[in-house]
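Subject: A structure for you to look at

Hi there,

Here is the structure I promised to pass on to you. Have a look through it first, and then read my notes below.

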Amino acid sequence: MTQIAHRVKNVVVKPEWLRVKAPQWERVGSVKEILRDLELNTVCEEASCPNIGECFNAGTATFLIMGPACTRACPYCDIDFEKKPKALDPTEPTRLAEAIRRMNLNHVVITSVNRDDLPDGGASQFVRCIEGIRAVSPKTTIELLIPDLCGNWDALATILSASPEVLNHNTETIPRLYRRVRPQGDYARSLELLQKVQDINPHVYTKSGIMVGLGETDEEVRQTMQDLRSVNCDILTIGQYLQPTQKHLDVKDFVTPEQFDAWREYGESIGFLQVVSTPLTRSSYHAEQVRALMEQYPR
């Protein structure tokens with residue numbers, strides 16, 4: 001099997017292509033002010049996203065609902081773990097809608113922590129958020145990035161009944177690494193979720209994302225891409241895994257920009273409507289581009 005980059009041993013030194021420019025803090029501060037005023041969480045902050053400066057400068061954010069603590073403790077993720085998180089806040093959908101109104105967003109991404117403690121995994125809260133947004137900002141397109149809901153397809157149908165424009169569920173990694181990277185997840189279940197979206201509401205665009213740099217090979221990445229296309233996944237993001245702290249999984253490889261380009265070209269050749277594949281790509285990076293995609297491939 002072909003290795004995709006040089007092996008990193010013990011010392012993690014970021015290559016030049018992973019360095020980001022310092023953000024313009026005036027604009028970042030404006031977004032932060034809105035978030036603090038409305039007591040909202042973003043995955044940008046909670047998961048230590050490297051693009052936080054660029055996105056906040058552009059006036060965008062990926063909102064994190066039902067958090068900030070998660071009922072799973074995935075060893076790659078920087079979000080806090082809490083076995084019994086707080087009860088859902090009934091005012092959260094209203095506060096979220098107000099933030100989107102103030103920020104005048106054309107496209108919004110809403111994700112959540114895993115809430116395995118809830119019977120529906122938080123599906124009803126997603127619906128309330130969609131309804132709240134559409135009441136005050138009906139032209140805003142909505143993208144949801146959801147957990148696997150523990151395979152509760154009735155809960156998935158509840159979410160899809162609100163007709164978000166995009167439904168994203170991240171596969172995260174290749175099957176061989178699941179036990180180590182995503183021990184409470186299930187590769188087949190994630191694929192099934194994406195297929196169920198198409199079965200339940202074929203008008204919704206489906207999306208998934210994977211991290212690389214955890215020891216996978218080029219062949220394994222391409223096979224995962226094929227698996228996603230086999231369940232008619234429309235959009236794919238591929239980005240470099242970066243270790244949040246020394247307690248998290250080590251980076252095994254720094255993948256070159258040329259390899260990311262090769263995966264993008266391959267993904268386009270097998271039928272993805274869009275492949276966003278760069279070292280700094282994250283699930284919602286440049287997500288607003290989906291509006292142009294929807295015009296190009298209307299449903």
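Let me start with a term you will need: on a 1 Å grid over the protein atoms alone, a cavity is a set of points where a 1.4 Å probe fits but cannot get out, and a pocket is an open set with protein on both sides within 12 Å along at least five of seven lines; lining residues have an atom within 4 Å of a point. Grid points are joined across faces, edges and corners, and a volume is the space filled by probe spheres set on the points.

Please keep in mind that this is a predicted model, where local features need pLDDT of at least 70 and side-chain atom pairs count only at pLDDT 80 or more, while totals for chains, interfaces and linings use all residues. Residues are numbered from 1 along each chain as its sequence is written, and side-chain values use heavy atoms, with hydrogens and water left out.

First, the overall picture. The protein chain has eleven helices and eight strands (DSSP runs numbered from the N terminus: H or I of at least four residues for helices, E of at least two for strands). Of its 299 residues, 55% are buried (buried is under 20% relative accessible area, exposed is over 50%, and partly exposed is in between, with a 1.4 Å probe and protein chains only).

Now the cavity. Searching the whole structure turns up one cavity of 30 Å³ or more. The largest cavity holds about 60 Å³ of space. Eleven residues line it, and those nearest its centre are Lys207, Ile235, Gln274, His286 and Ala287. S7 and strand S8 (274-277) are the elements that give two or more residues to this lining. By type, the lining of the largest cavity has five nonpolar, four polar and two charged residues (Ala, Val, Leu, Ile, Met, Phe, Trp, Tyr, Cys and Pro count as nonpolar, Asp, Glu, Lys and Arg as charged, and the others, Gly among them, as polar).

Next, helix H8 (residues 187-200). This helix has 14 residues and spans 20 Å from first C-alpha to last, close to the expected 20 Å (1.5 Å times one less than the number of residues). Its buried residues are Tyr187, Ser190, Leu191, Leu193, Leu194, Val197 and Gln198. Seen down the axis of H8, they fall within an arc of 150°, so they line one face of the helix (the arc is that of the directions from the helix axis to the C-beta atoms). On the other side of H8, Ala188 and Asp199 are exposed.

Which residues of H10 are buried? They are Gln259, Phe260, Trp263, Tyr266 and Gly267. Seen down the axis of H10, these residues lie within an arc of 125°, so they line one face of the helix. Their cover includes S6, H9, S7 and S8 (contact means heavy atoms within 4.5 Å). Glu258 and Ser269 are exposed on the other side of H10.

Finally, find His248 in the loop between strand S7 (235-240) and helix H10 (257-269). His248 is buried, at 14% relative accessible area.

Enjoy exploring!
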